[in-house]
Every structure is written in C-alpha cells, then in structure tokens.
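Dear colleague,

Please find below the structure that I am handing over to you.

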Amino acid sequence: MRRTSGLVLLALAVLCTALSPLLRFYAFPRLAKIPANQYQDMVLEAKDATLLDYGTMRAKKVPKVTVVQTLKGDVAAARRIERTAGRDVVVWNSLSYVQGPDGAMVSKIPERYIFDAHSQEPVHATGEMVDGDPVTREGIEFKWPFLTEKRDYEYFDAQTRTSAPIHYRGTQDFRGLKVYYFEQTVPWTKVSFPKVMPVKGITAASVAATGTTRWYTTVRRFWVEPVTGAPVYGEEIHREELRGGTLLGGRDKVTAFAGHVKMREDYIEHTVALVQSNRTLVLLLTSYLPWGFLALGALLFALALLTEARGRRPTGPEPAQDSEPEPVTA
C-alpha cells in the first residue's frame, strides 16, 4: 500500500510541476486577451483653458473645456477580419469629442483602431482610419501590452498620424497601485483640420483655401498598471495654433486651444477599481497559479519520498517464539 501511495503522490507531483510553466507560458498568452465587445468612456477636463472664438477669430480664456472619449468594440468587424488575419482581433471605434464651456462642439475626431487581442500590436486591415483618413499604425495606442516592461514603446499619435517613442520615466505609486510612468513630447507639427468644423458652413477645405494652417504640440503622460497594461491615469499639456493665411487678418498666428487636460476624478476612481479587479485575474495565470502548482508539486514530491522511505524501512528480527519443553527421558 505504501508503494502504491508513493507512486500516486509522485505522479501528482509531476503533474503539478508540469502545470506551472504550462499555465504561465502556454495558457496565459492564449487566454489573456481584450474582449471584442468592450465598451468604455472617459471624461477629461482642461480648466482655465484658452479657446479660439471663431466668431471673432480671437483666443479667449474659458473656465473649462471638456473632452469625452469613447471606445466601442465592433464584434462583427473583428470576426470578419479574424477570418483572414488568422488571429484574435479587436476593432475599437473611438470618438474624441471636445466641447466648450457652453456645451458647443469644438471638434470631434473618430478613429477605427484594429489590434491583436493578446499582444495589442496593430493589425492592418481595411477600415483602419483617423477622421476618415486611412492610416497604417505602428506601435500601441490607448493600451499597453499585458506585463508591460520598463522600456520605451512606440506610441501612435492621432493628430499627426505618426508614431514616436513614449519613454518610460520610472515606477511610482498611484492610489495604492504600483504603476509605470510614461511620457511623450510631440513637437510643433503641421496637422490636418478636422473634417467637422465647429462653425456651420465652414469646412476643412474652405479654411485650407485661405492659406491658414493648423499646428499642434503636446506633452502626453500616462501612468500604466504593468500587469494589465491599462493606464489608470493620463493627462496632456496640449496646444494648437492657426498660422498664416488670410483667415487671421494679417496676424502670424492665433491660439486655437491651449490647456492642461486631465482625467476627471470620478473616472479616475472607476478606472483604478476596474484595473485592480482585472489585475487579480491576470496574476492568477502569471503568478498565483503557476507558483502555487510549483509549491504543491514540491510538497507532493517530498511526501512521495517520505512514503517510499517508510516503506523500505527495516522492521528488525521477529521475536523468538516460546517452544514446547522437550520431555525428559530416563
């Protein structure tokens, strides 16, 4: 019985030990992925900002500019692209909607972002665009990969339609979470006018015909939870200018928008809570279960050795039995 028990314990020890790397290096890369039907929204605000008044073409101070960002997964489009891409794909339809203090629209920029559900690498397919313009993204946007590393990443900028490094600047604590801080500076760059302008009757083409150009620069900052790769907080120091042309009445440039854009407090709290719950799920596959199975395998192996050793322990000589006395004969 002891030998059978030892063999069973040894078999279980081997199974648990094999499951440890299997979960981490085989199951995790296949099971951890962004759901195709994800929907989320976020509100950011720039208080005491500068905004262009298109009626007078003069910049003025305003109490607040609000940016509403939405991401909505397109499941049907993802399934269609998967058939030719041969991998799990997520399609996000994004909208960045900017409104002034009176609620009037300042700009709205739609995007279609197609990426690998596991690695977050961009997948190039028909429909990939920013504000109706086809693009070919390089690098990440919106989300970092699972198990984010302490290094620079290529990050796609929707305004310039180009990618540039976003730099790892250190590890910080953000509301009880260990996060990686990343920063990217986009220098002054000439960019396109939005397809939808804030003034009725004015189009991007009509403004461009005046010779006026639009320029943009920003300092982009993200605080990323490294296990999930999800930003828990983000902000931008954002500036836009109109330069030259007859639209400015002889002036060289005018500020179209300038402000320090930050996530609103209630969305910070919601994001941190969501990331904390998802972090536990990722850690189950990358840490808790692999290390747990490895420790259990070591314990079962030790028990198997102990059982085998006890089964081989000598029991000593059997005690001599009392024999019947021999009869005495004369």
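Glu149 counts as partly exposed, at 44% relative accessibility. Please note that this is a predicted model. The side chain of Glu149 meets that of Arg151 in a salt bridge, at 2.9 Å from N to O. Arg151 is partly exposed as well, with a relative accessible area of 39%.

Another one joins the side chains of Glu45 and Lys64 (3.5 Å, N to O). Because Glu45 lies in strand β1 (residues 39-53) and Lys64 in strand β2 (residues 58-73), this pair ties together parts that are 19 residues apart in sequence. Glu45 is buried, with a relative accessible area of 13%, whereas Lys64 is partly exposed at 33%.

Asp53 forms a salt bridge with Lys60, and their closest N and O atoms are 3.8 Å apart. Here Asp53 is partly exposed, with a relative accessible area of 24%, and Lys60 also counts as partly exposed, at 43%. Elsewhere, a network of salt bridges links Glu111, Glu128, Arg137 and Glu141.

The surface also carries a nonpolar patch of about 470 Å², made by Leu7, Leu10, Val14, Phe301 and Leu305. Helix α1 gives the most, with three residues. Phe301 lies in helix α4 and is partly exposed, with a relative accessible area of 41%.

Yours sincerely

Key: Residues are numbered from 1 along each chain as its sequence is written. This is a predicted model: local features need pLDDT of at least 70, side-chain atom pairs count only at pLDDT 80 or more; totals for chains, interfaces and linings use all residues. Side-chain values use heavy atoms; hydrogens and water are left out. Patches are made of residues with over 30% relative accessible area and no salt bridge: like charges are joined within 9 Å, nonpolar side chains (Val, Leu, Ile, Met, Phe, Trp, Tyr) within 5 Å. Accessible areas come from the Shrake-Rupley method with a 1.4 Å probe; for residues, only the protein chains shown count as cover. A salt bridge is a side-chain nitrogen of Lys or Arg within 4 Å of a carboxyl oxygen of Asp or Glu. Helices (H or I, at least four residues) and strands (E, at least two) are DSSP runs, numbered from the N terminus. Buried means under 20% relative accessible area, exposed over 50%, partly exposed in between (1.4 Å probe, protein chains only).
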